[in-house]
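Me: I have a model open and would like to go through it with you. Please take a look.

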Amino acid sequence: MREMAGTMTFHHDITGCLDERIGARGLAHAALDARLHALEPKLAELRESLGQGGYRMLGIARENQDIETTRAALERLFDGAKTLVVFGTGGSSLGGQTLARLAGWCIPGDQRPAANTLPRVRFYDNLDPLSLQHGLNLLDPETTRFLVISKSGGTAETLMQALSALDWMRRADMGHMIPRAFLGLSEPAREGTKNPLRQLFEGLGVPLLDHDPEIGGRFSVFSNVGMIVALARGLDAHAIRDGGRQVLDELESQSAADFAPAVGAATAVALAEDKGVRVNVMMPYADRLSHLARWYVQLWAESLGKDGKGTTPLAALGPVDQHSQLQLFMDGPPDHMITLIRPAHGRDDPPMPADLAEMAGAENLAGRRVSELVSAQQQAIGDALMQAGRPVRVIDVDNPDETTLGHLLMHMMVETILAGHLLGVDPFGQPGVELGKKLTREYLAASDERDSAHSPARRGAD
Ligand SMILES: O=P(O)(O)OC[C@H]1O[C@H](O)[C@H](O)[C@@H](O)[C@@H]1O
């Protein structure tokens with residue numbers, strides 16, 4: 001079965017990746033079936049392990065009790081707050097951004113009524129000295145709160161952000177507010193492991209929530225890392241987990257050929273290995289899902305880019321990237337697989353006035369709605385890509401709400417784990433990024449030595 005809907009609020013269809021649909025660049029059924037067959041033992045292992053409390057990053061979607069602890073910590077932080085600044089990078093930010101986006105974060109005019117009464121949210125996931133300093137200078141120390149997320153507690157960017165904000169509070173004579181204005185989320189203390197963020201916050205009396213040590217950052221969206229941001233934006237955290245839970249329920253009962261994440265993993269890996277498809281594009285057609293693609297980029301890249309294997313994930317957004325990247329997808333090297341996420345855009349926006357459309361000489365738009373145009377575009381682009389022989393996977397979603405986003409997030413996490421199995425790589429850990437961190441530490445130490453050797457002021461301070 002190549003198309004599937006089941007109880008889910010999305011419909012997953014990879015027929016646009018098959019040779020019978022797109023010609024020679026598509027997959028033969030046999031190539032796909034071989035991978036699906038190879039996934040059966042992995043699915044059995046996943047089921048068994050989940051039943052025994054393994055794969056916490058997935059199984060957490062079946063739990064609820066921690067949501068109230070998270071909510072209580074957030075309510076305490078929000079007392080008197082107008083702005084929430086979220087510090088953290090990679091997996092400590094992208095899941096939260098994906099959820100916040102669903103609630104209209106950074107989308108003009110798309111604030112849910114519930115979110116309007118909540119503090120505004122700012123994510124600082126990239127370290128840039130100018131943005132950080134300018135950003136802090138614009139904030140009000142009385143009404144700004146900081147949520148600092150780092151699994152390890154040792155990520156230099158996040159620590160620098162936290163230190164800068166603490167310093168800024170102290171300079172504003174608000175040092176006494178620090179235990180109320182900050183909240184940390186980091187792994188519990190472990191014997192023999194340094195956790196600078198935890199050490200700092202405990203020393204300052206700043207409360208900390210525990211990051212589950214069994215859950216890696218890029219797989220943490222269903223844990224308190226994602227849920228705290230969902231709650232901060234007024235989203236229904238339980239519904240997000242429900243969506244994830246439903247994917248796990250399907251995992252329990254379905255064979256690989258019927259389980260959408262298995263079909264997705266088999267398709268992506270077969271296209272990569274047999275057809276040289278090296279780029280994996282995710283292109284949602286909704287602003288509210290745009291950050292799903294960014295979150296997915298880290299998930300796929302860090303999980304699978306190992307031992308000379310993996311494919312390159314690419315985030316796109318429709319329709320805007322039709323005017324930017326589509327030419328390449330249609331007509332460039334045939335090495336892209338494009339996943340289109342197509343919401344069923346409701347028809348509740350106003351029709352275009354005929355007189356104005358006619359005045360513009362755009363009669364075809366008279367009486368048409370924006371939702372109709374975008375619906376036509378997302379269908380047309382999929383068909384055009386297929387006609388050009390490019391592999392297209394289509395995920396149609398009824399409504400981009402919490403449950404649907406939960407489906408999509410869990411689908412992509414399970415799919416990535418299964419793709420790792422097919423590629424023969426361990427999807428967890430990211431050993432490749434360590435060398436860059438080690439060299440950064442060395443260069444920072446070397447620049448410190450240079451400064452002390454050359455600067456009288458520094459010499460005096462030592
Ligand atoms: O949550 P943290 O420990 O601060 O880690 C934040 C991020 O930094 C690291 O460099 C990893 O490559 C990412 O996988 C991780 O999500």
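Me: Let us begin with F428: what is its relative accessible area?
Reply: F428 has a relative accessible area of 28%, so it is classed as partly exposed. Buried means under 20% relative accessible area, exposed over 50%, and partly exposed in between, with a 1.4 Å probe and protein chains only. Please note that this is a predicted model, in which local features need pLDDT of at least 70 and side-chain atom pairs count only at pLDDT 80 or more, while totals for chains, interfaces and linings use all residues. Residues are numbered from 1 along each chain as its sequence is written, and side-chain values use heavy atoms, with hydrogens and water left out.

Me: Where is F428 found?
Reply: F428 is in the loop between α18 (402–423) and α19 (434–454). Helices (H or I, at least four residues) and strands (E, at least two) are DSSP runs, numbered from the N terminus.

Me: Which residues is it in contact with, leaving aside neighbours within four places in sequence?
Reply: F428 is then in contact with Y55, M57, R218, F219, K306 and I417, where contact means heavy atoms within 4.5 Å.

Me: How many bridges join β3 and β4?
Reply: Strand β3 (residues 83–87) pairs with β4 over five bridges, in the parallel sense. T83 stands opposite R120 in β4.

Me: How many of the residues of α11 are buried?
Reply: Nine of its nine residues are buried, among them N224, M227 and L231. G234 follows α11 and has a positive phi, near 80°.

Me: Now the pockets. What volume has the largest one?
Reply: The largest pocket has a volume of about 1,200 Å³. On a 1 Å grid over the protein atoms alone, a pocket is an open set of points with protein on both sides within 12 Å along at least five of seven lines, a cavity is a set of points where a 1.4 Å probe fits but cannot get out, and lining residues have an atom within 4 Å of a point. Grid points are joined across faces, edges and corners, and a volume is the space filled by probe spheres set on the points.

Me: Which residues lie nearest its centre?
Reply: Of the 35 lining residues, S152, T155, A156, E157 and K437 lie nearest the centre of the largest pocket. Helices α8 (156–171), α14 (290–304) and α19 each supply at least two residues of that lining.

Me: What about the largest cavity: which residues line it?
Reply: Its lining consists of E187, P188, A189, R190, T193, K194 and N195. The largest cavity holds about 30 Å³ of space.

Definitions and conventions: Two strands pair if DSSP finds at least two bridges between them.
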